[in-house]
Amino acid sequence: MGPDWFTVIAQVINFLILVVLLKRFLYGPIVRAMDRREAEIAARLDTAAQKIADAGQEKERYENLFRELSEDREERRAEARAEADALRTELLESAREEVDRSRAQWQESFRAERESFLRSVRRHVCEEACAVARRAVTEMADSSLEERMALCLERRIRDLGAMEREELAANFRALDKQIVVRSAFELSMEGRAAIARALNSLKPAVDLRFETEPSLVCGVEILTGGRSLAWNMGEHLDGLEERLLDALGKSAVVNGGNPLPGTDDHGN
Amino acid sequence: MELSPDSTILWQWGPVRLNATIVYTWTVMAVLSASSWLATRRLAEGGKTSRRRNLLETLVTFLNDQIRATSRQEPGRFLPFIGTLFLFIAVSNSLEIIPGFHPPTGSISTTAALAICVFVAVPFYGVLQKGVLGYLKHYVKPSVFMAPFEIIGEFSRTLALAVRLYGNIMSGSIIVGILLSIAPLFFPIVMQVLGLLIGLIQAYIFAVLAMVYIASATSVQKREEEKKD
């Protein structure tokens, strides 16, 4: 019943060998595999945690991006609204300017038309007044009146200034042709004599020739080449028309209108 | 009827006797080593885990948990010794159901050898942990007069380990043998099932007791370190 000590020793050795064998073939590989797998799991958990952290950061980044985009969108919308307001204001201003310009053009056109109309009215009034005066003077004129005119012409020559008189005399002296005396009606002898007297005072033995010219209306005209010396109603009536136009133009200025085109301050 | 396979001498050359106990032990060793090698030879690097690998991992995890629960220390350095004790005894006892196989743990020589291994392993781990003097100190605590009792206790528990395992397994085998001669049908099977259970329990008890003895020798040092801290 007691132990066989050889067997005991052999079993001790067998057991120690078994310990070595199992450590070599069982515990070592299994423990290493478990450690390796635990390390892998830990690494995967670390990776997962890292990925979760990365995902969190990405999420935060995208949220920030989204927030920035929203803010940018609001900003752009505000800018667009401001631009639209500015454009609307500009367009309104432009339209207002256009309306003002059109109105100014229209007013200018209206004023020009009115002035043109007034100018034509004035001119027509002047022409009519002059025509009436011319007609009246024509109807009133006769040879006796022209005789009076001849006398007036004689007096005018006589009343000339020394310088003018000398100039006229020099002109007559230089002229070797006949001096033509024109009148609307046939001058009487007295009238012709008065004119001859006056001209003889400038140039003795002057050669005169008397003609009739109805366009003079009433009056006498002395032609000496390039110059003329006259006293007639036609000339006065022409001056009357100019003076009338001048008077009506000034009247338009006084009434708030512009002076008539073609006339200056002196009525020329 | 043979009470121990030690008496079956298969080959003898002078004092060297090859008995059935040694042969059965070699058989158990071969079975354990071969199955371990087969299970672990294709451990892929981080690859898919097989059922066999899962079984072995479960077994190793169970052993680690038991060692950690008993010793309250990291199981790494105790696993080969305690694990081999458990596996050898459990496989030896389980192979008892194979007709013609006599478990080597049914031999007092085997259990004595295992008890001697534990008897040596206790001071080995103790000295490894805290040195020779540090280990010997625990024999004179709390008084030097306790040293004889401590030494006697060392021997008596070793003897108890050997005899307990031997008695249980040998008695189970003998009971099954006797019942086979009395009632050869059905009843021995029930007793064999019971014998399997007893064999696993005895393997567990042997391994846990061995761990307790080793832990008692190494935990002293740990308590002293805690006091120093």
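**View 1. Surroundings of B:Phe86.** Leaving aside neighbours within four places in sequence, B:Phe86 is in contact with B:Leu63, B:Ala203, B:Tyr204 and B:Ala207, where contact requires C-beta atoms, placed from the backbone, within 7 Å. The model is predicted, so local features need pLDDT of at least 70 and side-chain atom pairs count only at pLDDT 80 or more, whereas totals for chains, interfaces and linings use all residues. Residues are numbered from 1 along each chain as its sequence is written, while chains are lettered from A and ligands numbered from 1 in the order in which they are written.

**View 2. The largest nonpolar core.** This core has 56 residues, and B:Phe86 is among those with the most contacts inside it, together with B:Ile82, B:Leu85, B:Val118, B:Ala210 and B:Ile214. A nonpolar core is a set of buried Ala, Val, Leu, Ile, Met, Phe, Trp, Tyr and Cys residues joined through C-beta atoms within 7 Å; buried means that 20 or more other C-beta atoms lie within 10 Å of a residue's own. The largest share of this core, twelve residues, comes from H4(B), helices being DSSP runs of H or I with at least four residues and strands runs of E with at least two, numbered from the N terminus.

**View 3. The hairpin of chain B.** Strands S1(B) and S2(B) form a hairpin with two residues between them, and B:Gly14 in the turn has a positive phi of about 70°. The two strands pair in the antiparallel sense over four bridges, pairing being counted if DSSP finds at least two bridges, and B:Trp13 stands opposite B:Val16. Of the five residues of S1(B), the number buried is zero, so this strand lies largely in the open.

Notes:
A residue is buried if 20 or more other C-beta atoms lie within 10 Å of its own, exposed if 12 or fewer, and partly exposed in between; C-beta atoms are placed from the backbone. Two residues are in contact if their C-beta atoms, placed from the backbone, lie within 7 Å.
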